[in-house]
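Colleague: Can you walk me through this one? I have some questions about it.
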Amino acid sequence: MIYKDVKMTLRTVPTKPFDDQKPGTSGLRKKVSVFQQPHYLENFVQAIFNALENCKGKTLVLGGDGRFYNRHAIQVILKMAAAAGFGKVLVGHNGILSTPAASCVIRKHSAFGGIILSASHNPGGPGGDFGIKYNTTNGGPAPEKITDDIYARTRYLQRYYIVDASDVPLDTLDPTRLGDMRVEVIDPVYDYAEMMESLFDFPAIRQLFASNTFSMRFDAMHAVTGPYAHDILENRLGAPVGTVMNGIPLEDFGDGHPDPNLTYAHDLVETMFNGRSQHPASRGTGTSMCGVQPPDFGAASDGDGDRNMILGKRFFVTPSDSLAVIAANARLAPGYHRGLAGVARSMPTSMAVDRVAQALNIGCYETPTGWKFFGNLMDAGRVTLCGEESFGTGSSHVREKDGLWAVLFWLNILAVRQQPVEDILREHWAKYGRNFYTRHDYENVDSTIAKDIMAQLHNSMATLAGKTFGMRRVAYSDDFSYTDPIDGSVSTGQGMRIGFEDGARIVFRLSGTGTEGATLRIYVEAYEADPAKHMQDTQHALADLIGIANQLSGIREKTGRTEPTVIT
Ligand code: VG1
Ligand code: CO
């Protein structure tokens, strides 16, 4: 390879620590204006590099979801990586890499680690959010031990190192050299698409699209998955052009909120429900109001491509159910035909997958919220499949949740089973029972009030066991802590949970990804074995538990809100 040399000089820049650089559930996320403060980004990047034992000569992967500030941040990080002595940086073309693709590239090229620039599903643009996180050699988000160390270092950082050089061209695939460091610009889609082709039955899916009896829409929400979906769905799998909606990535996501749920993926929801009102979970099919049949299958992904929403014709699949269905049908996909080593779900995720694991006689792990807790289990070969209620599903093919992977898994299942999505769910519930599930989010709550609600709930945890609320008796209640079965590390304060004797649960947690005030999440679940009751409306089926959750937390009185900001 011929490298173009960029002239440079090394510079040490004195700085002062910021006191708000504690990484949350998934890296450091702040308003763009916070990142635009002089030295703010540089300080955090230097703290990451300082926390790495020795990066001299090593390879770093670098990319982001293309949101506003991505281009600037990439140039800064390249120049700081050169100053830190990295040997090589693999950077996505135009600075783009979806989160799962970054994980794939780190693993495939045996990189030392990677920096991913994203605030995921949070809105972008100059008034929106930006984020940064570090992933380790296994391709997964740095575990708490490392994020705690990075944070500690941000607290006393006095200087950072950067080279003065002109910007590295990222709009061509030509390599560059920044001093001794090589910069290779890579096609962000290629490695990832190749991996997907190795996991799923592409010929069967191609046939499904060719059959003319099946149609699909994928909503990329003007975020990072556009180019991935165009290449994989339309080019490689032959889906008709137009299958991918909102496929051009934009720095502000077209002013949208790239969160693939029934509220924010409105273009897709409109198409799939065809004029009907939303929150259709569990409602039956029927003729549409304007006579046009919606597509058979719909899906969407988030800002950085790690989340997914799965829809059938006028039918919503909860992420928890999607995880359970994938687990139950895993053998249908070539990459999983030998079955699953085990499964894991985050604590607030519904227990639907637990029932499948039990039937399959495989291990089932319950971890705190956030993908970083799955890494050790996957590295140790204990689990193959993982999921979160927050529209996150993935497997040990990478160490991040993976939006398009989940969509392809569903396409593979549909290609083999040749049934509508709704029928697959009905059969699943008939066999395993249904875990009705909902999450109520109260966003942008005053932080003091939110902390107060959580403190009061925390105090009541010790006294709830044995109490009866309506028809339900509390079996246990606690503030969830997790001991990692592989390295023994302990994570406390992971959410208040109340379990009832009939298997119902209520969980309260504060979000660790928001950038304004506090977001309080209430997760509610109830198990129903009787198929005659499976087609109820979810909010209706869970009404008594939602009432108990509101009563126990006093959320409505304390915040003055009459309803949640978002229901998923
Ligand atoms: C949320 C979700 C969590 C997910 C995290 C990162 O965290 O609840 O399940 O892992 O976002 O996903 P929190 O702390 O706000 O509840 V992503 O797609 O934003 O990287
Ligand atoms: Co995301």
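Colleague: Where is D191 found?

Modeller: This is a predicted model. D191 is found in helix α6, residues 190-199.

Colleague: Is D191 buried or exposed?

Modeller: D191 counts as buried, because its relative accessibility is 10% and the cut-off for buried is under 20%.

Colleague: How far apart are D191 and R177?

Modeller: In sequence, D191 and R177 are 14 residues apart. In space, the separation is 23 Å, C-alpha to C-alpha.

Colleague: Now the metal. What coordinates the cobalt ion, ligand 2?

Modeller: The cobalt ion takes S120 through OG, and D302, D304 and D306 through OD. The distances run from 2.0 to 2.1 Å.

Colleague: What spacing do the donors of the cobalt ion follow along the chain?

Modeller: The donors follow S-x181-D-x1-D-x1-D. The pair S120 and D302 links distant parts of the chain, 182 residues apart. S120 sits in the loop between β6 (113-117) and β7 (129-135), and D302 in the loop between β13 (297-301) and β14 (308-312).

Colleague: Are S120 and D302 buried or exposed?

Modeller: S120 is buried, at a relative accessible area of 2%. D302 is buried too, at 0%.

Colleague: On to ligand 1. Which residues come nearest to ligand 1?

Modeller: There are 20 residues around ligand 1, and T25, S120, G512, T513 and R521 come nearest. S120 is also a donor to the cobalt ion.

Colleague: What classes make up the shell around ligand 1?

Modeller: The shell has 10 polar and 10 charged residues, and no nonpolar ones.

Colleague: Which side chains have an N or O atom by an oxygen of ligand 1?

Modeller: Among them is S390, with an N or O atom in its side chain 2.6 Å from an oxygen atom of ligand 1. For H121 the distance from a ligand 1 oxygen to a side-chain N or O atom is 2.9 Å. For D306 that distance is 2.9 Å, and D306 also coordinates the cobalt ion through OD.

Colleague: Which elements supply at least two residues of the lining of the largest pocket?

Modeller: Helices α5 (144-154) and α15 (447-460) do. So do the strands β3 (28-31), β26 (505-510) and β27 (518-528).

Colleague: And what is the lining of the largest pocket by class?

Modeller: The lining has 17 polar, 11 charged and 8 nonpolar residues.

Colleague: Backbone angles, then. What is phi for S110 and N444?

Modeller: S110 has a positive phi near 45 degrees. N444 has a positive phi of about 50 degrees. Neither S110 nor N444 is a glycine.

Colleague: Why point those out?

Modeller: Because most residues other than glycine have a negative phi.

Colleague: Where are S110 and N444?

Modeller: S110 lies in the loop between α4 (99-108) and β6, and is exposed at a relative accessible area of 60%. N444 is in strand β20, residues 434-445, and counts as partly exposed at 42% relative accessibility.

Colleague: What about T463, where is it found?

Modeller: T463 is in the loop between α15 and β21 (468-469). At 45% relative accessibility, T463 counts as partly exposed. A polar atom of the T463 side chain lies 2.8 Å from the backbone oxygen of S460.

Colleague: How far apart are T463 and A229?

Modeller: T463 and A229 are 234 residues apart in sequence, and 51 Å apart in space, C-alpha to C-alpha.

Colleague: Last one. Which side chain does the side chain of T369 join in a polar contact?

Modeller: The side chain of R509, at 3.4 Å. T369 lies in the loop between β17 (363-367) and α12 (375-379), and counts as buried at 10% relative accessibility.

Notes. Residues are numbered from 1 along each chain as its sequence is written. Chains are lettered from A and ligands numbered from 1 in the order in which they are written. This is a predicted model: local features need pLDDT of at least 70, side-chain atom pairs count only at pLDDT 80 or more; totals for chains, interfaces and linings use all residues. Side-chain values use heavy atoms; hydrogens and water are left out. Helices (H or I, at least four residues) and strands (E, at least two) are DSSP runs, numbered from the N terminus. Ala, Val, Leu, Ile, Met, Phe, Trp, Tyr, Cys and Pro count as nonpolar, Asp, Glu, Lys and Arg as charged, and the others, Gly among them, as polar. Donors are N, O and S atoms within 2.8 Å of the metal (3.2 Å for Na, K and Ca); water is not among the atoms, so sites may look incomplete. Buried means under 20% relative accessible area, exposed over 50%, partly exposed in between (1.4 Å probe, protein chains only). A residue is near a molecule or strand if one of its heavy atoms lies within 4 Å of it. A polar contact is a pair of N or O atoms within 3.5 Å; within protein, one must be able to donate a hydrogen and the other to accept it, and residues adjacent in sequence count only if both atoms are side-chain atoms.
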